[in-house]
Amino acid sequence: LRIETMLRRSIEKGEIFLHYQPQVEIDSGRLIGVEALVRWQNPELGLVPPARFIPLAEDTGFISQLGEWVLEQACTQMVRWQEAGFVVPKLAVNLSVRQFERGSIAAMVAGVLHESGLEPARLQLEVTESVIMNTGDALQFINDLHEVGVGLAIDDFGTGYSSLAYLKQLPVQTLKIDRSFIKDISTDANDEAIAVAIIQLGKSLNLSVIAEGVETAEQAAFLLRHGCNRAQGYYYSKPASAQELLARWGRRD
Ligand code: G
Ligand code: G
Ligand code: NA
Ligand code: MN
């Protein structure tokens with residue numbers, strides 16, 4: 001219960017911040033985007049992993065405030081990088097299922113884009129398959145977001161229960177191959193088959209596919225060989241602060 005109170009005060013206390021993880025084009029090494037990942041540094045608890053506080057934020061309803069704060073920070077950061085001469089093509093931000101239950105998600109997103117000045121097309125929202133399959137009006141919410149002009153990615157793809165027929169109806173642009181399939185991609189025949197199947201599915205449905213959790217050159221080479229030219233993972237960079245990102249990726253030509 002105490003951690004709940006601490007979490008509720010975390011934003012005003014300045015304990016919440018964002019890290020950004022690069023998304024890279026495998027063959028060129030070019031930066032194609034970043035994913036914003038929320039962090040909570042509490043004086044007593046230390047660095048609390050999102051896997052621990054996101055579920056808590058969802059259960060307590062704090063997620064709607066937290067989610068909006070994350071989106072504002074990340075969109076504003078995109079504009080700041082740009083002002084510093086560093087154009088990050090795309091920003092990916094995670095949405096939780098509870099944010100969909102709030103109803104006016106599209107209005108919130110449109111408002112934040114307007115305030116920050118970030119073009120809608122440069123924002124991509126990530127939702128998991130379970131959000132899509134378990135949210136009553138998911139199709140409506142997602143169509144509303146599409147009308148705002150933002151992109152949509154399905155996160156952790158392959159771990160949930162997406163109906164492929166449903167996938168075809170949704171205005172989704174990107175599938176993110178879950179990192180559990182990437183880990184043993186060149187040694188486990190099942191993982192290899194699943195990853196290749198997702199890449200093929202993306203091709204057939206005209207969706208872009210990005211692999212998560214790429215940690216080695218071998219994994220990247222495997223993906224490229226099988227037609228997936230986008231990756232995110234420790235091989236390229238761990239999630240890092242906005243300043244670190246600018247320093248490492250901002251002055252390359
Ligand atoms: O680095 P990593 O530990 O950041 O992330 C762990 C989990 O937390 C991932 O499943 C990720 O999608 C989730 N997560 C990270 N940032 C956010 C966020 O801003 N909002 C939501 N809803 N989930 C997030
Ligand atoms: O669930 P989601 O995909 O949004 O979560 C991203 C999570 O994956 C974050 O916790 C991030 O720190 C983590 N992550 C990113 N790259 C790698 C990687 O190469 N290996 C591992 N094990 N985790 C990663
Ligand atoms: Na994500
Ligand atoms: Mn993921």
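These legends describe close-up views of a predicted model.

**View 1. The shell around ligand 1.** Ten names make up this view: Leu37, Val38, Pro49, Pro50, Ala51, Ile54, Val70, Asn94, Ser96 and Pro239 are the residues around ligand 1. Strand E2 (31–42) and helix H2 (50–60) are the elements that each give two or more residues to this shell. H2 gives the most, with 3 residues. By class, the shell around ligand 1 holds 8 nonpolar residues, 2 polar ones and no charged ones.

**View 2. The shell around ligand 2.** Ligand 2 is surrounded by 13 residues. The closest are Gly213, Glu215, Gly233, Tyr234 and Pro239. Charged residues are present here: the shell around ligand 2 divides into 5 charged, 4 polar and 4 nonpolar.

View 3. Asparagine 94 is found in strand E4 (residues 91–94). Asparagine 94 counts as buried because 21 C-beta neighbours lie inside 10 Å, and the cut-off for buried is 20 or more. Not counting residues up to four places away in sequence, asparagine 94 touches Glu126 and Asp155. Leucine 125 is 31 residues from asparagine 94 in sequence. In space, the two are 5.9 Å apart, C-alpha to C-alpha.

**View 4. Helix H5 against helix H7.** Helix H5 covers residues 105–116, and helix H7 covers residues 138–148. They pack at an angle of about 20°, with their axes 8 Å apart. H5 is therefore roughly parallel to H7, since angles under 35 degrees count as such. The crossing of the two helices is right-handed. On the H5 side, the contact is made by Ile105, Ala106, Val109 and Ala110. On the H7 side, Phe141, Asp144, Leu145, Glu147 and Val148 take part. The contact of H5 with H7 has 7 nonpolar residues, 2 charged and no polar.

**View 5. Helix H1 across helix H2.** H2, seen in View 1 as a contributor to the shell around ligand 1, also meets helix H1 (residues 2–10). The axes of H1 and H2 come within 11 Å and cross at roughly 90°. That angle is why H1 counts as roughly perpendicular to H2. Ile3, Glu4 and Leu7 in H1 meet Phe53, Leu56, Ala57 and Thr60 in H2. The residues of this contact divide into 5 nonpolar, 1 polar and 1 charged.

How values were computed
Residues numbered from 1 in each chain as written. Chains lettered and ligands numbered in written order. Predicted model: local features only at pLDDT ≥ 70, side-chain atom pairs only at ≥ 80, totals over all residues. Near = placed C-beta within 6 Å. Helix = DSSP H or I, 4+ residues; strand = E, 2+ residues; numbered from the N terminus. Nonpolar A, V, L, I, M, F, W, Y, C, P; charged D, E, K, R; others polar. Axes fitted to C-alpha atoms, helices over the stretch in contact; angles between N-to-C directions. Parallel < 35°, antiparallel > 145°, perpendicular 65-115°, else oblique. Left-handed = near helix turned anticlockwise from the far one by under 90°. Contact = placed C-beta atoms within 7 Å. Buried ≥ 20, exposed ≤ 12 C-beta atoms within 10 Å, placed from the backbone.
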